[in-house]
Amino acid sequence: MTAPTIAFFTRLLDDAAPAERYALAAEQIRHAERHGVGRAWVAQHHFRAVEGGLPSPLVFLAHVAAQTSRIRLGTGVITLPLEDAVRVAEDAVVADLLADGRLDLGLGSGGTPSSFVPFGEDVREKAPTYDRKLRLLLDALSGHDIGAENTLYPDAGTLADRIWQATFSAPGGHRAGIHGHGLLLSRTQPRSTDALHAPLSALQDPIIDAYLEALPDGVAPRVTASRTVFVADDRAEALRFAEVGLRRAAEGFRRQGQTIPGDDLDELIVALDTHLGTPEQVAESLAADATLARATEVAFQVHSVDAPHEHVLRSIELFAEQVAPALGYTLTDTIKEKA
């Protein structure tokens, strides 16, 4: 199997006003590009700044595309049940043209139940709504008649070959596989009460199995595994930020009804599937994650440690320059700064 590439993932959660959040995230992506990171994923969240800072990812990525030249740009993910599928297709095509074909379109069925209400959607119907809108989106991107003899303009080019689906379940993995799409796996997942200490691989390997089984013959698998990774020059520094960020994240998950076992920091690091410390410590921790051996891309994110911006930049550097080479991950050529 080819060594996985690396990606940077952000939910745009920097402790700043919205405009500054966008500026900081753009700088982080430019920094990732300079250090040979192959792709940047941005998440979409509506209404709640503590969950994510970006409701319009394609607008943001079009902006970032003008500031970059090589790094691929992906939505991780657009909540399709809350969108007009034809408009998603149109906006994605325009963003992809502006990005010179560097866009990847990641989709999901949605998380926060209350976010469905302002869009006039019923969260209890999100699965069939997702399936219906996915069919329409795929028809649009494939150049099919989507009603009254209308087809997409501009046409989508090869964008239909760059779709990814996010899921927490084996049926979701099967759905991504049968379409020949990429598979997006989360940095952490809820555990059932009888398996609170199960490794993340125990939850995600069955998803990959279902995906690979459903993948059409001749279609190469695309599996991105996202992970919480915070690399620092010393472990004490990493723990200092984790003490705040992971406790805040655990409280948020518990408010949503999840059981997060443990209360001391070491327990929370394990419960929230966090890899942190020096480059050597992070490389050792990631090497023990069995699912990553099956991924074609490893996407690292600082959430839920959520360190300040300058420490995020340093973490990107350390991951690209020391952790990735130690694990044999593939980088793109780095971009030298202009004098």
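**Exercise 1. How are helix 1 and helix 10 oriented to each other: roughly parallel or roughly perpendicular?**

The structure is a predicted model, in which local features need pLDDT of at least 70, side-chain atom pairs count only at pLDDT 80 or more, and totals for chains, interfaces and linings use all residues. Residues are numbered from 1 along each chain as its sequence is written, and side-chain values use heavy atoms, with hydrogens and water left out.

Step 1. Locate the helices. Helix 1 covers residues 18-34 and helix 10 covers residues 309-327. Helices (H or I, at least four residues) and strands (E, at least two) are DSSP runs, numbered from the N terminus.

Step 2. Take the geometry. Two packed helices are described by the angle between their axes and the distance between the axes. Here the angle is about 20° and the axes are 10 Å apart. Axes are lines fitted to C-alpha atoms, for helices over the stretch in contact, and angles run from 0 to 180 degrees between N-to-C directions.

Step 3. Classify. Angles under 35 degrees count as roughly parallel, over 145 as roughly antiparallel, 65 to 115 as roughly perpendicular and the rest as oblique. Helix 1 and helix 10 are therefore roughly parallel.

**Exercise 2. Which residues make the contact of helix 1 with helix 10, and how do they divide into nonpolar, polar and charged?**

Step 1. Contact means heavy atoms within 4.5 Å. Helix 1 contributes Leu24, Glu27, Gln28, His31 and Ala32, while helix 10 contributes His309, Val312, Leu313, Ile316 and Glu317.

Step 2. Ala, Val, Leu, Ile, Met, Phe, Trp, Tyr, Cys and Pro count as nonpolar, Asp, Glu, Lys and Arg as charged, and the others, Gly among them, as polar. The division is 5 nonpolar, 3 polar and 2 charged.

**Exercise 3. Classify the aromatic pair of Trp41 and Trp164, and state whether each residue is buried or exposed.**

Step 1. Rings of Phe, Tyr and Trp (its six-membered ring) pair if their centres lie within 6.5 Å; planes under 30 degrees apart count as stacked, over 60 as edge-to-face and the rest as tilted. This rule gives 6 aromatic pairs.

Step 2. The ring centres of Trp41 and Trp164 are 5.3 Å apart and the planes stand at 85°, so the pair is edge-to-face.

Step 3. Trp41 lies in strand 2 (residues 39-42) and Trp164 in strand 5 (residues 163-166), 123 residues apart.

Step 4. Buried means under 20% relative accessible area, exposed over 50%, partly exposed in between (1.4 Å probe, protein chains only). Trp41, at 1%, is buried, and Trp164, at 2%, is buried.

**Exercise 4. Describe the backbone at Pro154 and at Asp273.**

Step 1. The peptide bond from Tyr153 to Pro154 is cis, with omega near -5°. Pro154 belongs to the loop between helix 4 and strand 5.

Step 2. Asp273 is not a glycine, yet has a positive phi of about 55°. Asp273 sits in the loop between helix 8 (265-271) and strand 8 (274-277), and at 11% relative accessibility counts as buried.
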